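Let's take a walk through this one together.

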Amino acid sequence: MPVMDYAALFAATPSPYLVLTPDLVIAEVNQAYLDATNRSREELLGQHIFEAFPDNPQDPDADGVRNLSASLHRVLISRRPDTMALQKYDIPVVGRPGVFEERWWSPVNTPILDENGGVAWIINRVEDVTAYMQTHARDGWSPSKQLTEREALEAELYARARELQRLNEELRLAHTRERKVAVALQEAMLQAPDLARHENVAVRYLPATGSLNVCGDWYDLIDLSETRFAVAVGDVVGHGLEAAAVMGMLRSALSAAIRALERPAQALEVLGLYARSVEGALNTTAVKAMVDTRSELIIYSSAGHPPPVLVHADGTHDLLDQATDPPLGARPQHVPRPQAGQTYTPGDTLVLYTDGLIERRGEHLETGLNRLTEALCRYRGLDPERLADVLLAELGVAGGARDDIALVVVRL
């Protein structure tokens with residue numbers, strides 16, 4: 001377990017905190033306190049708290065120093081935390097001597113005891129509820145009116161709600177930044193330069209709903225020669241940046257393997273061996289198909305992946321399911337993977353996809369596969385780009401799905 005960095009934790013705490021010595025000298029302050037009081041560390045450290053924050057001389061009813069002093073001394077004597085009533089305590093405006101701004105605070109003072117039981121430090125935590133109190137003033141409340149217990153609780157809840165709002169906004173901004181990085185990463189990893197030379201190929205990538213827009217699914221297209229090209233899709237278990245990182249490594253490895261070997265089965269064998277050394281890569285599924293346009297032949301091999309579909313111009317179809325083996329790394333020993341061939345006629349359509357396109361909770365995978373093949377046969381006359389969009393719409397995933405989706409449509 002990593003060692004906790006308490007200094008960093010204190011500095012990042014969203015509520016304003018001061019650390020005081022028993023003599024009420026400011027020993028430490030967090031960033032939230034500096035923001036709330038518009039001060040710098042240099043202006044506060046080493047200062048007596050009431051020299052740094054005196055009473056407002058223009059307010060004859062000012063009692064902030066008296067009330068805070070009484071609370072701090074109760075802590076020193078009792079060695080127990082002391083929660084103060086809602087407190088009006090104006091603070092000096094930086095750079096304008098003699099000018100104070102109205103502030104309302106909800107303070108809690110807590111002792112930190114030494115090994116002998118004495119008070120070594122006092123933590124002064126405050127919540128700024130000025131905006132809440134000023135809103136009440138506009139509704140007819142006056143500072144001279146004593147707050148009821150309910151009103152004091154409302155002010156405290158207001159401070160907490162405002163702090164949560166601020167934290168939610170920070171989380172939203174952080175999520176937006178992380179998503180931009182994730183999208184850029186995914187786009188870089190899914191680049192397929194050879195794709196630009198294939199006008200009759202359409203690709204689609206849809207992350208799971210609610211994800212950062214990154215996932216473990218991938219597609220690829222590689223030119224092997226003037227008459228041969230290879231297409232692939234794969235699916236790493238899981239979602240998010242970790243799955244995407246594993247996907248990037250496996251996709252690159254398979255791309256290199258098919259270039260060197262050209263045989264899909266051998267390329268998947270090499271990928272399976274590599275996957276055993278990559279954390280999070282086991283049980284990845286993938287299918288690789290090589291298209292030979294001269295002989296009008298598709299040679300393919302699958303590692304536990306749903307079968308590609310070959311749709312013929314006459315409305316019939318074939319499932320490329322004659323060379324399916326377990327997912328990557330599923331076997332304890334290396335076993336050669338099967339490979340099969342399928343002839344095609346120019347004008348046929350080859351479709352590769354990941355299981356997010358057809359899989360539905362509580363439904364047999366065969367049902368989803370039938371739904372896909374029916375849609376393919378019905379819309380087989382569309383060009384690949386339109387066909388890809390229609391498939392996503394017909395299968396109900398155009399607006400997002402529970403699982404990631406990669407789709408490749410090739411007009412042969």
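Which residue stands opposite A406 of β19? Look across to Y205, which stands opposite A406. Keep in mind as you look that this is a predicted model.

β9 and β19 pair in the antiparallel sense, with six bridges between them. On to another partner of β19: β18 also pairs with β19 in the antiparallel sense, this time over five bridges, and there Y353 stands opposite L407 in β19. Zoom out and you'll see an open sheet of five strands with antiparallel pairing, in the order β9-β19-β18-β14-β15. The edges belong to β9 (201-206) and β15 (317-319); each has a single partner strand, so one side of each is left without a neighbour in the sheet. From one strand to the next, the twist averages 15°.

Now for the β15 end. Strand β14 (residues 309-311) runs antiparallel to β15, and three bridges join them. Here V309 stands opposite L319 in β15. Helix α10 (residues 365-378) packs on the sheet, where it touches β14, β15 and β18 (349-353), and its direction makes about 25° with that of β14. Another helix to find is α11 (residues 384-394), which lies across β9, β18 and β19 (405-411) and runs at about 30° to β9.

R204 forms a salt bridge with E385, with 2.8 Å between the closest N and O atoms. This pair links distant parts of the chain, since R204 is in strand β9 and E385 in helix α11, 181 residues apart. E385 itself is partly exposed, with a relative accessible area of 38%. R204 also meets the side chain of D389 in a salt bridge (2.9 Å, N to O). D389 lies in helix α11 and R204 in strand β9, so this pair ties together parts that are 185 residues apart in sequence. D389 is partly exposed too, with a relative accessible area of 42%.

The structure holds 18 salt bridges, and another one to click on joins D90 and K88, whose closest N and O atoms are 3.0 Å apart. D90 counts as buried because its relative accessibility is 8%. Salt bridges that share partners join D59, K88 and D90 into one network.

M4, Y6 and L9 make a nonpolar surface patch of about 360 Å². L9 is found in helix α1 (residues 6-12) and, at 46% relative accessibility, counts as partly exposed.

Finally, step back to the whole protein. There are 11 helices and 19 strands, and 47% of the 412 residues count as buried. Among contacts with a separation of 6 or more, 61% come from residues 24 or more positions apart. The accessible surface comes to about 21000 Å², and 52% of that belongs to carbon and sulfur atoms.

Conventions. Residues numbered from 1 in each chain as written. Predicted model: local features only at pLDDT ≥ 70, side-chain atom pairs only at ≥ 80, totals over all residues. Heavy atoms only, no water. Patch = residues over 30% accessible without salt bridge, like charges linked within 9 Å, V, L, I, M, F, W, Y side chains within 5 Å. Areas by Shrake-Rupley, 256 points an atom, 1.4 Å probe, with all protein chains shown as cover. Salt bridge = Lys/Arg side-chain N within 4 Å of Asp/Glu carboxyl O. Helix = DSSP H or I, 4+ residues; strand = E, 2+ residues; numbered from the N terminus. Buried < 20%, exposed > 50% of the residue type's maximum accessible area, 1.4 Å probe, protein only. Pairing = 2+ DSSP bridges. Axes fitted to C-alpha atoms, helices over the stretch in contact; angles between N-to-C directions. Contact = heavy atoms within 4.5 Å.
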